[in-house]
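Here's a friendly walk through one protein chain. Keep the picture open beside you as you read, and look up each part when it comes along.

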Amino acid sequence: MEFNKESFLEGRILLINKPLNWTSFQVVNKIRWLIKTTFNIKKIKVGHAGTLDPLAEGLLILCTGKMTKKIDQFQKLNKTYTGKFFLGATTPSYDLETEVNSKKSIDHITEELILKTTEEFKGKTIQIPPIYSAIKHKGKKLYEFARKGETVKIKEREIFISEFLITKKQLPELDFIVNCSKGTYIRTLAEDIANKLGMEGYLTELRRTKIGKLNINEAFSIENISTLSSDKRKSCIKPTEVLVDRYPKLSLLDSEVDFIKNGQPIKLKKKLNTEIYTLFTKSKVFIGLGEIDSNNLLKVVRLISTNIN
């Protein structure tokens, strides 16, 4: 994979392990500065594909150059988190950003009740985001209302939790792992579970470990990525096709690639399933997405790159 000025401008996907107490915006600024100073670039777009609160750490996906236009593809992916809930007390922000303002006894809590309650949160459920969040309401962020002590009616949203496990029980703390859909607030999940248990609760630790198939183990810390020109940093850069690796792959002949580049459909000789495919050249260069119809005709859905020799 190319690792130069042109490649970053064309678009790259970076996996960063966001440290505690950094905002996602600070990480973006740091990486943008590193790229600009390393490759002597005056201006380059860098954006993140899903924010992490300052009090959370873990996997943050950054996109550079033209890849910033594809950020929404990552935002749709499921996320996996690990962390700790504290039972028997709560804070206005449902985490450590604000001070404890209410307490309740946890004497009635049993292991059976905890396991039964967590099971009830799996699947489709409704969640109301916390008022200490960056969601916009009438042009202002919700936390702006919260810090002024103003109440706001927050619109509920549908979320989906595909996995929810309590990995350690040492009351009043619970260690957990959760895999959830876009837009899920783990802070709210902590409060909702506690309420279901007949008490209060808040989030004390949070780490994002996966986004789709991308894993925190593949990410680099800010310190380790500081020398962007080093060969050993290349593993934190992911190819464009990770955006669409849920689709089957289809390798095309050179003549077929020419048709695809010009937006022309191709009648395939071999009968294939009518679905979306990721399209590659014979030399394994990712081109984009194509869909095969009932007549075995391959049509372009989206071109990622036309700069193919």
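This is a predicted model: local features need pLDDT of at least 70, side-chain atom pairs count only at pLDDT 80 or more; totals for chains, interfaces and linings use all residues.

## The overall picture

Residues are numbered from 1 along each chain as its sequence is written, and side-chain values use heavy atoms, with hydrogens and water left out.

Along its principal axes, the C-alpha trace spans about 70 × 50 × 40 Å. Of the 309 residues in the chain, 47% are buried; buried means under 20% relative accessible area, exposed means over 50%, and partly exposed is in between (1.4 Å probe, protein chains only). Contact means heavy atoms within 4.5 Å. Take the contacts with a separation of 6 or more: 67% of them come from residues 24 or more positions apart.

## Salt bridges

Side chains of opposite charge can pair when their charged atoms come close. Here a salt bridge is a side-chain nitrogen of Lys or Arg within 4 Å of a carboxyl oxygen of Asp or Glu. That rule gives ten salt bridges. One of them pairs Glu 10 with Lys 66, with the closest N and O atoms 3.5 Å apart. Glu 10 sits in helix H1 (residues 5-10) and Lys 66 in the loop between strand S3 (57-64) and helix H3 (71-75), so this pair ties together parts that are 56 residues apart in sequence. Glu 10 is partly exposed at 39% relative accessibility, and Lys 66 is partly exposed at 48%.

Next, which residue does Arg 187 meet in a salt bridge at 3.3 Å, N to O? The partner is Asp 53. This pair links distant parts of the chain, with Arg 187 in helix H6 (residues 186-196) and Asp 53 in the loop between strand S2 (46-48) and S3, 134 residues apart. Is Arg 187 buried or exposed? Arg 187 is buried, with a relative accessible area of 3%, whereas Asp 53 is partly exposed at 31%. Then there's Lys 169, which forms a salt bridge with Glu 111 at 3.7 Å between the closest N and O atoms. Lys 169 belongs to strand S10 (residues 157-170) and Glu 111 to helix H4 (residues 111-120), and the two are 58 residues apart. Salt bridges that share partners also join Asp 53, Asp 95 and Arg 187 into one network.

## The largest pocket

Rolling a probe the size of a water molecule over the atoms shows where empty space is left. The search runs on a 1 Å grid over the protein atoms alone, and a pocket is an open set of points where a 1.4 Å probe fits, with protein on both sides within 12 Å along at least five of seven lines; lining residues have an atom within 4 Å of a point. Grid points are joined across faces, edges and corners, and a volume is the space filled by probe spheres set on the points.

The largest pocket has a volume of about 1,200 Å³. It is lined by 43 residues, and the closest to its centre are Thr 51, Leu 52, Asp 53, Tyr 185 and Arg 187. Strand S12 (201-211) is among the elements that give two or more residues to the lining, and S12 gives the most, with six residues.

## The nonpolar cores

A nonpolar core is a set of buried Ala, Val, Leu, Ile, Met, Phe, Trp, Tyr and Cys residues joined through side-chain atoms within 4.5 Å. The largest one has 25 residues, and those that touch the most other members are Phe 85, Phe 164, Phe 176, Val 178, Ile 186 and Leu 189. H6 gives the most to this core, with five residues.

Beyond its neighbours within four places in sequence, Ile 186 is in contact with residues including Tyr 81, Phe 85 and Leu 206. A second, separate core of 17 residues includes Leu 34, Phe 39, Leu 60 and Ile 222.

Key:
Helices (H or I, at least four residues) and strands (E, at least two) are DSSP runs, numbered from the N terminus.
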